[in-house]
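Hi,

Here is the structure I promised to pass on to you. Have a look at it first, and then read my notes below.

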Amino acid sequence: MSVADLDGLIAALPKAELHLHIEGSLEPEMMFALARRNRVAIPFASVDEVRAAYRFSRLQDFLDIYYAGAEVLREAEDFADLALAYFDRAAGDNVRHAEIFFDPQTHTARGIPLGVVVEGLLAGMAEAKARHGVSSGLILCFLRHLDEAAALATLREAERFLDRIIGVGLDSSELGHPPGKFARVFARAGAMGLKRVAHAGEEGPPDYVREALDLLHIDRLDHGNRAMEDPALVARLVREGLTLTVCPLSNVKLCVVADMAAHPIPRMLAAGLRVTVNSDDPAYFGGYVNDNFRALAAAGGIGRADLFQLARNSFTGSFLPEADKARHLAAITAVENMPC
Ligand code: HPA
Ligand code: ZN
């Protein structure tokens with residue numbers, strides 16, 4: 001199949017997005033608009049200046065600028081607008097379901113109540129469902145550069161929103177903050193009936209992935225690229241059928257891989273890992289989910305069968321009820337059976 005044909009298939013395939021930080025979908029134009037609306041000063045004079053600052057050589061370079069950008073988010077309406085802007089784009093990429101991360105501690109530390117953040121995001125998600133028919137769920141992420149007591153306090157505060165959150169996650173600076181640091185808070189979240197996911201093996205070693213499995217009891221692994229350095233770990237991930245939410249453009253932007261041609265997704269698929277393609281922080285890394293698929297296809301790493309597999313993995317790896325998964329999988333099969 002030519003790259004143009006693959007691009008057509010990418011556009012046509014229904015898909016779920018399972019690794020998306022909603023604060024990372026804040027486009028520079030919206031950053032400026034919200035800075036004006038909320039009278040917040042930002043250290044940039046123009047949208048071009050913001051984009052020029054998005055040159056990173058590692059995760060921390062990005063995180064510094066990502067947390068600074070989030071300063072413009074103040075009111076529930078801002079969070080609703082942010083979510084809706086993401087879903088407008090995602091719907092255009094044929095995303096039918098998204099499980100989105102948010103970082104409550106980034107906002108509560110600035111005096112924004114958790115209720116403002118959650119209510120705002122949920123309003124945007126409800127409007128997206130009405131406008132585009134896209135379903136979604138919220139995953140509350142703990143910032144791993146902070147301590148476990150802060151994560152426990154955040155989880156306690158979130159208890160009153162329990163029926164509106166599907167799971168907990170772990171993000172921010174990975175190196176020096178192994179998953180085991182959060183074993184108790186993840187145990188408590190599990191006992192509350194929440195799904196558990198964690199970033200591991202993005203910059204951190206394969207042992208961090210092992211800790212996420214053994215100490216956090218994760219239901220899904222975010223990134224996980226560095227697991228490929230450890231064949232026994234790969235075999236375990238395959239055996240346990242764990243879904244990995246991989247983010248190709250993010251990996252290139254943060255220098256986790258040398259370039260797209262060197263991206264491990266083709267090898268991960270060949271090894272039998274349940275891989276999915278996601279955008280991570282699309283406003284910062286150069287594209288939304290279909291941009292990620294297209295970049296992989298253009299680099300020659302994946303073909304038609306891989307695209308179907310990746311789209312199927314996104315629904316089987318989601319936290320949707322089985323009947324909904326079956327409905328989405330049938331829609332993928334319908335695309336497969338279309339005469340070309
Ligand atoms: N890694 C860790 N933390 C993050 C990321 C990421 O890619 N994006 C937003 N927070
Ligand atoms: Zn991420």
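Let's start with strand β4. Gly167, Gly169 and Asp171 point one way from β4, Val168 and Leu170 point the other way, and all of them are buried. Keep in mind that this is a predicted model. Strand β4 covers residues 167-171, and five of its five residues are buried, so it counts as mostly covered by the 20% cut-off for relative accessible area. What does β4 pair with? Its partner is strand β3 (residues 135-143), and the two run in the parallel sense over five bridges. One bridge you can look up yourself joins Leu140 to Val168 in β4.

Now go to the end of that strand. Asp171 is one of the residues around ligand 1. Which polar atoms come up to the nitrogen atoms of ligand 1? A polar side-chain atom of Glu202 lies 2.8 Å from a nitrogen atom of the ligand. For Ser172 it is a polar backbone atom, also with a ligand nitrogen atom at 2.8 Å. His21 has a polar side-chain atom 3.3 Å from a nitrogen atom of ligand 1. On its own, ligand 1 has 260 Å² of accessible area, and the protein covers 100% of that.

His21 also turns up at the metal. Which residues hold the zinc ion (ligand 2)? It is coordinated by His19, His21 and His199, each through NE2, and by Asp280 through OD, at 2.0 to 2.2 Å. Along the chain, these donors follow the spacing H-x1-H-x177-H-x80-D. His21 sits in strand β1 (residues 15-21), while Asp280 is in the loop between β8 (274-277) and α14 (282-285), so this pair ties together parts that are 259 residues apart in sequence. Both His21 and Asp280 are buried. For comparison, the ideal angle for four tetrahedral donors is 109.5 degrees.

One last stop: Glu99, in strand β2 (residues 95-102). Is Glu99 buried or exposed? Its relative accessible area is 1%, so Glu99 is buried. What does its side chain touch? There is a polar contact with the side chain of His97 at 2.7 Å, and the Glu99 side chain also reaches the backbone nitrogen of Phe319 at 2.8 Å.

How values were computed:
Residues are numbered from 1 along each chain as its sequence is written. Chains are lettered from A and ligands numbered from 1 in the order in which they are written. This is a predicted model: local features need pLDDT of at least 70, side-chain atom pairs count only at pLDDT 80 or more; totals for chains, interfaces and linings use all residues. Side-chain values use heavy atoms; hydrogens and water are left out. Donors are N, O and S atoms within 2.8 Å of the metal (3.2 Å for Na, K and Ca); water is not among the atoms, so sites may look incomplete. Helices (H or I, at least four residues) and strands (E, at least two) are DSSP runs, numbered from the N terminus. Buried means under 20% relative accessible area, exposed over 50%, partly exposed in between (1.4 Å probe, protein chains only). A residue is near a molecule or strand if one of its heavy atoms lies within 4 Å of it. A polar contact is a pair of N or O atoms within 3.5 Å; within protein, one must be able to donate a hydrogen and the other to accept it, and residues adjacent in sequence count only if both atoms are side-chain atoms. Accessible areas come from the Shrake-Rupley method with a 1.4 Å probe; for residues, only the protein chains shown count as cover. Two strands pair if DSSP finds at least two bridges between them.
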